[in-house]
Amino acid sequence: MSSNKSATLYPDLSLTLTEAGTGRPCLILHGGGGPATVAGLSSHLARTAHAITPVHPGWDGTHRPGWLTGIDDLALAYLHYLQDRGLRDVLVVGSSIGGWTAAEMAVRDTAGIITGLVLIDPVGVHVEAEPIRDFFALDALGVAEYAWHDSARFHRDPETLPAAQVALQRDNMATLRVLAGDPYMHDPKLLRRLRRVDVPALLLWGASDRIVTPAYGAAYAEAFSSGRLHVVPEAGHLPQLERPEETFAAIDGYLRETSADPVGARSPGNVSRGR
C-alpha cells in the first residue's frame, strides 16, 4: 500500500513523495517527463523493497526555490533527505536526468549511504563522439522519433491534449531548462569523477535511444569503477515504459546479484563489466 507524504528539507523546500513497500530503501528518481514515467517501476520495486519516489521540485506544480538551479543542487537535496531519514544501504534508481542526479549523488556520498545504482538511459556526462540530442529543439513529433523505438505508438499530438496537461508539460520543461539547460544536459566534471564511485552501477539502455545512444551509455558505464551496461532491445529512452518486463527483469537480476552476499556481493570485484 502506498502513501503520499511531504518532507521538509529546508525552510523553503519540501519534497512531495510517495512511499510503498518494505525492505531495502530504494530511491526512484524520474526524468524530464515527470513522476508518471517511473510509476510502474516504483510499483514493481515496492514488491520487494521500500520504494521512495519523490517529485523533483518544480515538476507537476511543486515548488522550486530560487536557489535550486542545477542537478547538483537536486542531488545534494536528496542526499540530505536520506541523511535526515537515517537511511542506509540505499539503492538509487534514476531515469534520464534522474539517473544523472543519482550519479551526482554517488560522487558526493562520503557517508556510504548509497550501496547500489541503477541508471536508466541517463544523461549527465560529456562523451566527445556521442553528443546528446538537443531535446529542447525538438517538437513533439521529433521527441517521439528520437526517444521511442515505436514512435507511432507513443507520439501524442499536443493539439489533442487537455489545455491543463499542455500547461503542466510546458512548466515541467521550463524547470528542466533551468536545471539542465546550461551546460546542456551534462556536468563537464562528472565523467572523470565517476571513477571514484565504487558501488556497483547497472546502466540500462534502450537499443533505439537516439537522445543518448547506447554508445554514449557504454562510455558512461566504463567511467565507473564497477559499471555494467545492459541494452534493452526494441526500446528507446524510457525502456521502463516501452519494455517494462525486460527492464524489470534486468533490475531484479541486479538486485539478486548485489544482495546475495551481505559482505562481499556489493564489492566492485563482484560486478562484471558485461556488454
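Which residues of helix α4 are buried? They are Gly142, Ala144, Tyr146 and Ala147, in a helix that spans residues 140-147. Buried means under 20% relative accessible area, exposed over 50%, and partly exposed in between, with a 1.4 Å probe and protein chains only. This is a predicted model, in which local features need pLDDT of at least 70, side-chain atom pairs count only at pLDDT 80 or more, and totals for chains, interfaces and linings use all residues. Residues are numbered from 1 along each chain as its sequence is written, and side-chain values use heavy atoms, with hydrogens and water left out.

**Overall build**

- The protein chain has 10 helices and eight strands. Helices (H or I, at least four residues) and strands (E, at least two) are DSSP runs, numbered from the N terminus.
- A compact globule of 275 residues would have a radius of gyration near 19 Å, and the 17 Å of the protein chain agrees with this. The radius is taken over C-alpha atoms, and the globule rule is 2.2 Å times the number of residues to the power 0.38.
- Along the principal axes, the C-alpha atoms fill a box of roughly 55 × 45 × 35 Å.
- Of the 275 residues, 51% count as buried.
- Take the contacts (heavy atoms within 4.5 Å) between residues at least 6 apart in sequence: 76% of them join residues at least 24 apart.

**Nonpolar cores**

- A nonpolar core is a set of buried Ala, Val, Leu, Ile, Met, Phe, Trp, Tyr and Cys residues joined through side-chain atoms within 4.5 Å.
- The largest one has 55 residues, and Met105, Leu117 and Tyr220 have the most contacts inside it.
- Helix α2 (residues 71-85) gives the most to this core, with eight residues.
- Another core, of 20 residues, lies apart from it; Cys26, Ile28, Leu45 and Leu255 are among its members.
- Leaving out residues up to four places away in sequence, Leu117 touches residues including Leu91, Val92, Val197, Pro200 and Tyr254.

**Leucine 119**

- Leucine 119 lies in strand β6, which covers residues 114-120.
- Leucine 119 counts as buried because its relative accessibility is 0%.
- Beyond its neighbours within four places in sequence, leucine 119 is in contact with Leu202, Leu203, Leu204, Tyr220 and Phe224, among others.

**Back to helix α4**

- The buried residues of α4 pack against α5 (151-154).
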